[in-house]
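I wrote them in the order in which I worked.

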Amino acid sequence: MPEFFSFISEILWGSLMLYLLLAAGIWFAFQSKFVPFRLFGDFYHNLKNSRAQSGGLTSYQALFLSLAGRMGSGNIAGVALAILAGGPGALFWMWVCAFIGMATCFAEATLAQLYKERDTHQRFRGGPAWYMARGLGMRWMGVLFSVFLLVVYGLLFNTIQANAVVHAVRYAWDIPETWTGMLLAGLLLLLISGGLRRIARFMQYAVPVVAIAWVAMSIGVGVAHFSQVPGAIIAIIKGAFGWQEAAAGTMGYTLSQALTSGFQRSMYSNEAGMGSTPNAAAAAASSPPHPAAQGFVQIIGVVIDTFIVCSASALVLLLANITPTENNFNGIQIMQQSIVALTGPWGSGYVAAIIFMFAFNSIAINYVYAQNNLVFLRLNSRRNRWLLRIGIVLMIMVGSQLRLTMFWYTADVIMAFMAITNLTAILLLSPVVNVVASDYLRQRKLGLTPVFDPKRYPDIERQLAPGAWDERSGV
């Protein structure tokens, strides 16, 4: 059975998803008139002027919610495995994929904002399931997406994060996996029991602190080994195009490996097009009141995740130049060995602490996304929320005890189906993205602060939730 899911996963992620995500990114770049790139700097204005309004989070909080989901153990372990599989050139293709994915991220975040609605507590809810139901009139499609997300983010991904944490802690301090799993599960239960606002307040401080701590380590290592940095950069460029292997006649194979490994890691990491981060984007209800504003805020998440955090991990690996053996062919342990080789024995514990926080934040946001889709499925009762929390705790304990390859491949396959469903929806809604992006661009050219008036677009207005863009709604 694991071999079957591995085969399906390889087909989906090695070819179909790679081309689909690339095509979607290029399509939305044209559909949005390249607004995400032309006005990239607007993210700063939208963050700076963000103020919490009735029923929603600030743009700053929504950004760090989505960043917490993006920045898990894969930003360290996944990068290590990508470079091991595809060589230094894999990093270059990670950057290319992230750049193209910025347009897709802009599109899905903009749609999430546009089609959001209020729940029974007057909080804003939204995401792919909502724009499938309202924008396309296909609630069945939203239900399908929500089920996929609940299985992957609510359950399966948590085993992978927990597994990475317990092995990193065991390697650094020789603490039994059971104790680490219990600590992780207990702390998470305390946090997620407080609901979305407690999680958002925690993430707006925890995420930047942990990210800065990891990037600062990488910069420090780079400065201490500065003479090796030019060589690492050259290796990235040569490896990206297979130039180092051209003389040996393996250029085509090496290029293929670098491209595939880089694209897969980038897609997993920044999640552009996957349909996860729009769940966070929809929760924002802040000024300026335009759906595209949250699109700009969310694309900076792609930049931070891939261009900064993943690049920091790659720099450490390239400078250490650790050769994997059968005993250490594990992304986390390879990173720990790399840090130890560059800094000393204390580095192993430093990596373990960073991994713990990355995974802790990521699992908490997995809960937010899953619970958000319980709302869409009209299953958001107190009993069901606690069943979801207990399920997360159980999956953490399972992941801390067992290395369940079957779970990993199953998560890969279901996540691909989830992404295909989301990409289908946003491609069908691309004319709406074009309208919203054009409206934003028009007002910017006039020197105005963009404000979305749905009355200018009656066809879109009819699809929106009552009161979501009313002046009294606080948006």
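The entries below record what I looked up in this predicted model.

**Entry 1. Salt bridges overall.** I began with a search of the whole structure. How many salt bridges does the search find? It finds 8 salt bridges. I then took up several of them in turn.

**Entry 2. Asp 439 and Arg 442.** I looked up this pair and found a salt bridge, with the closest N and O atoms 2.9 Å apart. Where do Asp 439 and Arg 442 lie? Both belong to helix H19, which covers residues 430–445. They are 3 residues apart there, so about one helical turn separates them. Arg 442, at 30%, is partly exposed.

Entry 3. Within it, I noted the salt bridge between the side chains of Arg 123 and Asp 119, at 3.8 Å from N to O. This distance falls within the 4 Å cut-off, so the pair counts as a salt bridge. Arg 123 is partly exposed, with 29% relative accessibility. Asp 119 is buried, with 12% relative accessibility.

**Entry 4. Arg 170 and Asp 174.** Here I found the two side chains meeting in a salt bridge of 2.9 Å, N to O. Is Asp 174 buried or exposed? Asp 174 is exposed, because its relative accessible area is 53% and the limit for that class is over 50%. Arg 170 has 30% relative accessibility and counts as partly exposed.

**Entry 5. A nonpolar patch.** Trp 173, Ile 175, Trp 179 and Met 182 make a nonpolar surface patch of about 460 Å². I located Met 182 in helix H9, residues 177–192. Met 182 has a relative accessible area of 44%, so I recorded it as partly exposed.

**Entry 6. Glu 108.** Glu 108 sits in helix H6, residues 89–114. It is buried, yet it has no salt bridge. Which side chain of opposite charge is nearest to Glu 108? I found Arg 70, which is 5.8 Å away. That distance is not within 4 Å, so the pair does not count as a salt bridge. Leaving aside residues up to four places away in sequence, I listed the contacts of Glu 108, among them Tyr 131, Glu 271, Met 274, Pro 278, Asn 422 and Ile 426.

Note on methods. Residues numbered from 1 in each chain as written. Predicted model: local features only at pLDDT ≥ 70, side-chain atom pairs only at ≥ 80, totals over all residues. Heavy atoms only, no water. Buried < 20%, exposed > 50% of the residue type's maximum accessible area, 1.4 Å probe, protein only. Helix = DSSP H or I, 4+ residues; strand = E, 2+ residues; numbered from the N terminus. Patch = residues over 30% accessible without salt bridge, like charges linked within 9 Å, V, L, I, M, F, W, Y side chains within 5 Å. Areas by Shrake-Rupley, 256 points an atom, 1.4 Å probe, with all protein chains shown as cover. Lys, Arg positive; Asp, Glu negative; His and termini not counted. Contact = heavy atoms within 4.5 Å.
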